[in-house]
Amino acid sequence: MAATGRSPAGCTSEQRAGPLPSGPALTISVEGYLVSFTWGVATSAYQIEGAAAEDGRTPSIWDTFAHEVVGEHGDVACDHYHRMPSDVQLIKSLGVDAYRFSVSWTRVQPGGRGPANQPGLDFYDRLVDELLANGIEPWLTLYHWDLPQELEDAGGWPHRDTPYRFADFSRLVSDRLRDRVTNWQTLNEPWCVAYLGYEHGVHAPGRRSFPDALAATHHLLLGHGLAYDVVKSADNSVGIALNIGTATPHTDDPVDIAAGRRAHDNVAGIFLDPLVHGHYPVSVLADHGHLLPIRDGDLEIIKRKPDVLGVNFYFGQDFSGRDERGNTHDATGRAIVREIKPDAPETAMGWPVTPDRFTTLLLRLHREYGLPLAVTENGAVYDDHPDPDGYVADEERTAYLKAHVEAALAARDQGADVRGYFAWSLMDNFEWAEGYRRRFGLVAVDYATQRRTPKQSALWFSDRIRSGA
């Protein structure tokens, strides 16, 4: 754990006399070849930008859901839209190599159809130029959950037209920024989009339909394939970011081992198998293949192997193939897949802290799919207690990050092609259904004043990058 004292840099970004020095990206040999290792921080558009109704931007599903369901919203958030240049200086002060951000669909293409909204594109044009001028590599995510409300009203991701609308939007962004952005991701966490948004109803748009979730899954994958072809060139990298936890069998019982495999298929395999192999997992097809709206030629479009797979990891899980009464099948005859929380310390979100499983996951992904990997999100919520100056001595978050950075590098040392680590998140922000009460940020944000103050975890992360170890 990093030292708890505030010296020498326990001050706000506005107070610091100058940026922390940054060094070149770490380069390590992996299985006989050299690959640079990228250190970064990440955000998403709706969570930080604010300016929800400025310069032509129209509502997304998260504007609607936040106002109607959450009770808090991203109308202002971190006001990044107006504070972007100073936020880039904040990013630079951490010494990172790259910044992962997303593009607001409705800022660039209001309503999800038609020509580009030039003021919206201009903002991202300025952001990219500002990053490059400060030696920071842009990592651009095209879709981080903010579907235009008009497209949701027309059917949303369960509707077959939506992936084609996404490809059109991707073309608008690509035509403007492809000359300077070389690292692209099509979608962020499509599992959350499909299942939290369309089955469980706890995320936008708040539907509760399992068939809709499966249709959304297939159309998100179709959108990836279409957008990949739009954006891809000989000079860039195009990938996708998936939220993946370890699906560990609770015991050595063959029933639990089968449940662990099924759980992996339902969250990771349902996306990775079509992307890499051109087909869905056997268990997915057996359980609910009849609900997937697959048409001739779809899987050929979807099979676009990511140049780099983004891995968003927060915790690992155990699974059992038996319910509390010992049954292996439910009343409909479907095999039981029951999640059991590992015996481990927990974050303030109630998520277990399992860094050892992170190493296991990265090695498994390398072994089963053979893809270059980048950790595109990893972080934790703890109860922050700022001092009178706004500084947060977040020892628990610092320990979490340290353990998970070392776990990722351990996987790399053991042969996994891990090419980067992005901490989630750069700063406190609107945390989706949790509103503003949950804080993942390395940098504290006082929402009343928009003052940014690097936490202890930010100072540790910066020191870790500069160490080059």
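These legends accompany close-up views of a predicted model.

**View 1. The whole chain.** The chain folds into 15 helices and 14 strands. Its radius of gyration is 21 Å, close to the 23 Å that the globule rule gives for 469 residues, so the chain is as compact as a globular protein of that length. Along its principal axes, the C-alpha trace spans about 65 × 50 × 50 Å.

**View 2. The largest pocket.** The volume of the largest pocket is about 1,400 Å³. Its lining counts 48 residues. Nearest the pocket's centre lie Trp 191, Leu 196, Asn 243, Val 267 and Gln 317. By class, the lining holds 26 nonpolar, twelve polar and ten charged residues.

**View 3. Elements around the pocket.** Helix 8 (190-198), helix 10 (254-277), helix 11 (282-288) and strand 9 (317-320) each give two or more residues to the lining of the largest pocket. Helix 10 gives the most, with seven residues.

**View 4. The kink in helix 10.** Helix 10 bends by about 65° in a kink centred on Gly 269. A straight helix of 24 residues would span 34 Å at 1.5 Å a residue. Helix 10 spans only 26 Å between its end C-alpha atoms.

**View 5. The two ends of helix 10.** At the start of helix 10, a side-chain oxygen of Asp 253 comes to within 2.9 Å of the backbone nitrogen of Val 255. Just after helix 10 comes Gly 278, with a positive phi of about 80°.

Key
Residues are numbered from 1 along each chain as its sequence is written. This is a predicted model: local features need pLDDT of at least 70, side-chain atom pairs count only at pLDDT 80 or more; totals for chains, interfaces and linings use all residues. Side-chain values use heavy atoms; hydrogens and water are left out. On a 1 Å grid over the protein atoms alone, a cavity is a set of points where a 1.4 Å probe fits but cannot get out, and a pocket is an open set with protein on both sides within 12 Å along at least five of seven lines; lining residues have an atom within 4 Å of a point. Grid points are joined across faces, edges and corners, and a volume is the space filled by probe spheres set on the points. Helices (H or I, at least four residues) and strands (E, at least two) are DSSP runs, numbered from the N terminus. Ala, Val, Leu, Ile, Met, Phe, Trp, Tyr, Cys and Pro count as nonpolar, Asp, Glu, Lys and Arg as charged, and the others, Gly among them, as polar. The expected span of a helix is 1.5 Å times one less than its number of residues. The bend at a residue is the angle between axes fitted to the seven residues ending there and the seven starting there. A polar contact is a pair of N or O atoms within 3.5 Å; within protein, one must be able to donate a hydrogen and the other to accept it, and residues adjacent in sequence count only if both atoms are side-chain atoms. The radius of gyration is taken over C-alpha atoms; the globule rule is 2.2 Å times the number of residues to the power 0.38.
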